[in-house]
Amino acid sequence: MSMSAKQSSHLAWSWALFPLTLFLFPLLIESHPTTISQSFQFIKNLQGCHKGQTIKGLHELKKYLAKFGYLPSQSIPSNDSNNNTEHDDYFDELLESAIKTYQFNYNLNVTGLLDSKTMVNMMMPRCGVPDIVDGRSSMGSGTERRLGSFKLHIVSHYSFFPGAPKWPKSKTHLTYGFVPGVQVIDKQTLRSIFALSFARWKSVSQFTFEETQHYDSADLQIGFFRGDHGDGLPFDGPGNVLAHSFAPTTGVSHFDADETWSTKLARDSPDLESVATHEIGHLIGLGHSSVKSAIMYPVISFGVRKVKLTGDDIKGIHALYNIAWCFLSSSIFSPFPTRCTLYIVRE
Ligand SMILES: [Zn+2]
Ligand SMILES: [Zn+2]
């Protein structure tokens, strides 16, 4: 992937600012005290680390990147094999490439260096669904194509699960139920929060949603669990991973019960309604987006309420279910179906 002039310019600035960011790193860490989970203590050793170095903690970083699809998980030795783990604290080319992809997906300067902004981003609360599945990701991948003398900038920052699984055409009414697990908030509040989140997706799609008490036969099953809860994707305690969901038509969404879920904005807590709206996007087939304002962006700070579906989210769900329209030059309406928005740019 080539870097744009804008990115190159940022790169030049990042080198100029590098000693400053190193100095500021502890301050950045301090300014995010509530977002650092216990599992992230290793990262403090890694500031400014780069290719060719062997530093304790890099093995943990590789595990983190593998968890979200940036490294093949089979390339990471398990913690049981201590010798391998020691060997795996080496910053090799594969790790540098994984960090560059991560930085590209999150609109960070693509340096391959473990700079402070990259590390702070990694420690932010986020969704547990990988950004890359089976080595494929469309996060951040706007592309350009040529049509005669026009250059088409095809913007498609939303993504789907591999193979674009979706609900069948005839299945537009989906029931949802709350699976008994850990109770984190009272049931009535939980029900009204999810009703609001489902209503947002209903307003931009063909779907209608209805709560059912028969959770075991519901199309969408929602539950709160802590730690290892039997699906091979254990939660990590307070901070970092907040929830995860499975692609259609599995219809399963789990929330980490160890989080201090907030139903009214609280500085040190994840906002349940915001995360619920994001996870519902997965339940109906969307993957992650690199658009920071999008609901399907994987990272969300504590104390932030983000519930409004953006154009990117809506374009994504329309494209998946072929209910999209196309806007030319952002003003002329065109009814032909497309998978993206087209902007015509004269050279
Ligand atoms: Zn997600
Ligand atoms: Zn789970």
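Trainee: How many helices and strands does the secondary structure of the protein come to?

Mentor: Helices (H or I, at least four residues) and strands (E, at least two) are DSSP runs, numbered from the N terminus. In this protein there are eight helices and eleven strands. This is a predicted model: local features need pLDDT of at least 70, side-chain atom pairs count only at pLDDT 80 or more, and totals for chains, interfaces and linings use all residues. Residues are numbered from 1 along each chain as its sequence is written, while chains are lettered from A and ligands numbered from 1 in the order in which they are written.

Trainee: Which strands form the open sheet, and in what order?

Mentor: Two strands pair if DSSP finds at least two bridges between them. Here six strands form the open sheet, in the order β1-β7-β8-β6-β4-β5. The pairing is mixed. β1 (126-127) and β5 (208-211) are at the edges. Each has a single partner strand, so one side of each has no neighbour in the sheet.

Trainee: What joins β6 to β8 and to β4?

Mentor: β6 (residues 220-225) and β8 (residues 252-256) run parallel, joined by five bridges. β4 and β6 also run parallel, with three bridges. Look at Q221. Its bridge partner in β8 is V252. Q221 of β6 is also the bridge partner of G177.

Trainee: Which strands does α6 touch?

Mentor: Two residues are in contact if their C-beta atoms, placed from the backbone, lie within 7 Å. Axes are lines fitted to C-alpha atoms, for helices over the stretch in contact, and angles run from 0 to 180 degrees between N-to-C directions. α6 packs on the sheet and touches β4 (173-178), β5 and β6. Its direction makes about 165 degrees with that of β5. α7 lies across β1, β6, β7 (241-245) and β8, at about 30 degrees to β7.

Trainee: At what angle do α6 and α7 pack?

Mentor: Angles under 35 degrees count as roughly parallel, over 145 as roughly antiparallel, 65 to 115 as roughly perpendicular and the rest as oblique. α6 (residues 187-202) and α7 (residues 272-283) pack at about 45 degrees, with axes 9 Å apart. They are therefore oblique to each other. The contact includes F194 and W201 of α6 and A276 and I280 of α7.

Trainee: What share of the protein's residues is buried?

Mentor: A residue is buried if 20 or more other C-beta atoms lie within 10 Å of its own, exposed if 12 or fewer, and partly exposed in between; C-beta atoms are placed from the backbone. Of the 347 residues, 34% are buried.
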